[in-house]
Structure formats: structure tokens, C-alpha cells
Amino acid sequence: MRPPITTPLYADAVTWSVIGGLALSCVLLSQGLGFSLSPAHAVLPALGVAALVGALVIGRVRADARLVAGATSFLQMTLFTILGVVLAYLMAAASGPLWDGWLTGVDERLGFDWPAILAVADELPRPILLIAGVAYHSLVLQMVACVLVLAGTGRLERLQRTMAAAILAGGVTVLVSGLLPATGNLFDPDRYRQLWTSVAWRDHGLVLGLRDGSIRQLDLSHMTGIVSFPSYHAALAAILLWGLYPLTQLRVPAAIWAGLTILATPLFGGHYAVDVLAGLLLAIVALSVARGLATAASDRDGMRRRGRRATEAVRMSRLGGRMHGVEVIR
């Protein structure tokens with residue numbers, strides 16, 4: 001039996017508002033900084049968005065709540081990913097001094113000796129490093145699985161809250177990382193035997209090119225996240241785990257995989273430890289906000305139902321009084 005299509009929660013409206021704000025920011029900043037878009041490289045992303053819109057329309061026509069919820073979530077995350085990465089690029093181009101020195105200092109005060117940590121990691125068994133690397137690079141698949149599972153099992157409100165928290169956290173991540181820019185916790189992989197090239201090391205040239213003005217064209221076919229503080233990898237992994245937590249059969253494997261993703265983030269993403277800690281804190285705040293929005297929507301719907309019941313009671317009372325009056329006259 002298909003669940004009915006319900007009125008969207010406040011969380012869903014806020015999610016679309018964040019996406020709209022990102023889009024407006026991208027337009028204004030791109031014009032101010034002289035960025036251009038490569039039309040040929042925007043075709044595939046545009047086709048993907050169009051396909052998701054088509055799936056959403058089909059779901060509406062068929063009154064299929066699960067298809068509507070799944071297509072909506074995928075559309076929201078796709079648009080957020082495109083706009084979030086573009087805005088991160090634009091803010092990197094407009095940003096001020098790098099904060100790597102401050103982030104390094106915070107890590108040192110927290111007791112993280114990265115040269116020693118990297119040396120130990122390089123001696124880990126190859127299968128462990130492989131599993132950790134796969135976990136880190138599987139975040140998109142984790143998100144896809146979360147949407148499919150929650151939509152497929154009819155947990156549509158849980159899905160809305162999860163997407164709202166994910167996009168709220170993502171929006172804050174882009175803004176904060178733009179205000180506190182950093183190249184990341186860089187290490188040269190050639191100095192080690194087994195460690196993979198981190199995302200921060202691989203995208204170092206991109207960040208410098210955005211900052212010095214040599215890169216001013218947006219290629220939507222090849223985009224990568226360049227945020228450092230806070231870590232969106234850590235935040236999103238925690239949020240997706242929360243989304244899947246009610247499913248008892250998936251709870252333990254989801255927790256293990258999310259934990260591996262978070263632990264692998266400094267090594268394979270080139271993040272500082274403080275990036276990861278800030279990302280986890282951000283996930284908690286975003287989930288609290290999303291749950292609050294859902295509660296507000298429930299309270300609103302409850303007030304409407306009580307109002308309708310009260311109106312109906314008054315109407316029936318008046319009708320009964322009129323009928324009684326007629327009987328007396330007779």
C-alpha cells in the first residue's frame with residue numbers, strides 16, 4: 001500500500017530556500033568576479049537535473065509518494081552539489097588570507113602530531129588502507145543508498161529531515177570554509193609507501209588557481225569539493241547514519257561504515273582533525289534544526305486539525321439548535 005502524498009514539512013521548504021539562496025549567491029558572485037560557464041560541459045548536469053524533474057512529475061501524476069520523495073531528495077542533493085561546489089569555487093576566488101597556520105595550531109593543541117600519525121598509517125596493512133579509502137570515497141553512494149532505502153520503505157518524513165539537515169550543514173560548510181579558507185592538511189604521497197594521494201593534495205593547484213585568478217571558467221562536468229573547515233564528509237556521514245538508524249538491520253553496518261568514513265577523512269581528504277570535529281558538531285546542530293522544523297510542522301498541522309474539529313462542532317451545535325427550534329414551533 002502506497003503512503004499518501006502529504007503536505008511538505010517546513011524542513012522541505014527550508015531546504016529549497018537554502019538551494020535558492022545558493023543559486024542567487026552564485027549568480028551575483030560569478031558576475032562580480034568575472035567567472036564564465038562552459039556551456040558544453042554543462043550539458044550532462046542539465047540532463048541529469050531534467051531526468052530527476054521528469055521522475056518527480058511522473059510521481060505526482062501517479063500519486064506515488066515514494067517516487068515523489070525519492071526524486072525530490074535526489075533533485076535537491078544534485079542541485080545543492082552543483083551550486084555548493086560552484087559557490088565554494090567563487091568564495092575561494094574572493095577569499096582572504098589562508099587559515100592553515102591557525103588550523104595546524106589547533107590540531108597541535110589537541111595533541112595531533114601529523115608527521116607521526118602519517119608514519120604509523122603508512123605502516124598499516126594494505127587491506128585496512130584500502131577499506132578506509134573506499135569508505136571515504138563512497139560518500140555519494142552512501143547518500144544514494146540512504147535516499148533509496150528511506151523512500152523505498154516509506155519513511156518519507158525521516159527522508160525529508162535527513163535531506164534538510166544535509167543541505168543545511170552543506171550550506172554552512174560552504175560559507176564558513178569561504179570565510180576561513182585553507183588549502184588543507186597537505187602531505188606529499190611520494191614520501192610514503194602506501195598512503196593514497198589525498199583530495200586536498202590533488203586539488204591544491206585548483207585552489208591556488210582560483211585564488212590567483214588564473215582559473216575563471218566553471219566546468220560543471222568535473223567539479224570537486226575544496227572546503228576544508230568544517231569537514232562536510234564528516235558531517236554528511238553522521239547525518240546519513242542518523243537517517244538510517246531506525247532500520248534495525250542496517251543500523252550496525254551503517255554505523256561501522258560511517259565511522260570508517262569519518263576516521264578516514266583526515267587521511268584521504270587531507271583534513272585537519274579540527275575540521276572533522278567541527279563537521280560532527282555541525283551535523284548535530286543541523287539535525288536538531290531539521291527535527292525542530294518537523295516538530296513545528298506537526299504542531300501547525302495539529303492546530304489546523306483542532307481548528308477544523310472546533311469549527312465543525314460549532315456548526316453542528318448551531319444546526320442542532322435550529323432543528324430543535326423547529327420542533328418547538330411545531
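Visitor: How many salt bridges does a search of the whole structure find?

Guide: Side chains of opposite charge can pair when their charged atoms come close. The criterion is a side-chain nitrogen of Lys or Arg within 4 Å of a carboxyl oxygen of Asp or Glu. Here the search finds 2. This is a predicted model: local features need pLDDT of at least 70, side-chain atom pairs count only at pLDDT 80 or more, and totals for chains, interfaces and linings use all residues. Residues are numbered from 1 along each chain as its sequence is written, and side-chain values use heavy atoms, without hydrogens and water.

Visitor: Which residue does R193 pair with, and where do the two lie?

Guide: R193 meets E123, at 3.2 Å from N to O. R193 is in the loop between α8 (156–179) and α9 (199–202), while E123 is in the loop between α5 (114–122) and α6 (126–137). They are 70 residues apart. Helices are DSSP runs (H or I, at least four residues), numbered from the N terminus.

Visitor: Is R193 buried or exposed?

Guide: Buried means under 20% relative accessible area, exposed over 50%, partly exposed in between (1.4 Å probe, protein chains only). R193 has 58%, so it is exposed. E123 is exposed too, at 55%.

Visitor: What about R161?

Guide: R161 bridges to E157, with the closest N and O atoms 3.5 Å apart. Both sit in helix α8, 4 residues apart, about one turn. E157 is partly exposed, at 39%.

Visitor: Where does T15 lie, and what does it contact?

Guide: T15 is in helix α1 (residues 10–33). Its relative accessibility is 2%, so T15 counts as buried. Contact means heavy atoms within 4.5 Å. Beyond four places in sequence, T15 contacts Q76, M163, A164 and I167.
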